[in-house]
Amino acid sequence: MRKNFGAKPWTYPQPVFILAAWGEDGVPNAMNAAWGGISDDRELSLCISPGHKTTADILARKAFTVSMATAGQMAACDYVGIVSGNEVKNKLEKAGWHVTPSSFVDAPLIDELPMAVECRLVSYDPESCRLVGEIVNVSADEAVLDADGRIDPARLRPITFDPVHNVYRALGETVGRAFHDGGQLK
């Protein structure tokens, strides 16, 4: 028997994204956002409210990066989500993070988060809070690459947000091969 919970924003997994942009003063800013994902081959869509400093920074610069939050940086990733850039200047410095300018968009890459999607702003609707970015590049530190030069989730250790229990969870084991294992049911 199923239990009904009503209309809730619950899905599994909910990626934990760290959005970063340059402030008008050139200081990098970042926020934690769990409501988002791929919406087209070269597009990310996220739900972020207009009151965030990061939202204003993205709109001003027309660019942003989306880093995958990792288990090793969980506390810092949570920190940039619970502290407002409108109130705390140099949030990234307080998180212990350093940045490198992206070579592809006018936005910072967070050095301590080894994988990022670099985006150009496509649109933002303040009523729905929907931010859309064109994926210009994906970059990853060599430390999280496998022997074939591909991103290895076991080395990256991305985390997801569990909205039911308000905890972060690390992604786990491989359970099958995509576009293959279902073939046995044909």
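Helices (H or I, at least four residues) and strands (E, at least two) are DSSP runs, numbered from the N terminus. The views below come from a predicted model, where local features need pLDDT of at least 70, side-chain atom pairs count only at pLDDT 80 or more, and totals for chains, interfaces and linings use all residues. Residues are numbered from 1 along each chain as its sequence is written, and side-chain values use heavy atoms, leaving out hydrogens and water.

**View A. Three strands make an open sheet.**
The order is E1-E11-E12, with antiparallel pairing. At the edges sit strand E1 (14-15) and strand E12 (167-170), each pairing on one side only. Two strands count as paired if DSSP finds at least two bridges between them. Strand E11 (residues 159-162) joins E1 in the antiparallel sense over two bridges. Look for Gln-14, which stands opposite Phe-161 in E11.

**View B. A cis peptide bond links Tyr-12 to Pro-13.**
Here omega is near -15 degrees, and Pro-13 belongs to the segment before E1. For background, most peptide bonds are trans.

**View C. Cys-129 has a positive phi, near 65 degrees.**
This residue is in the loop between strand E9 (115-125) and strand E10 (130-140). Is Cys-129 buried or exposed? Cys-129 is buried, at 15% relative accessible area; buried means under 20%, exposed over 50%, and partly exposed in between (1.4 Å probe, protein chains only).

**View D. Phe-179 also shows a positive phi, near 60 degrees.**
You will find Phe-179 in the segment after E12. Phe-179 is exposed, with 91% relative accessibility. Most residues other than glycine have a negative phi.
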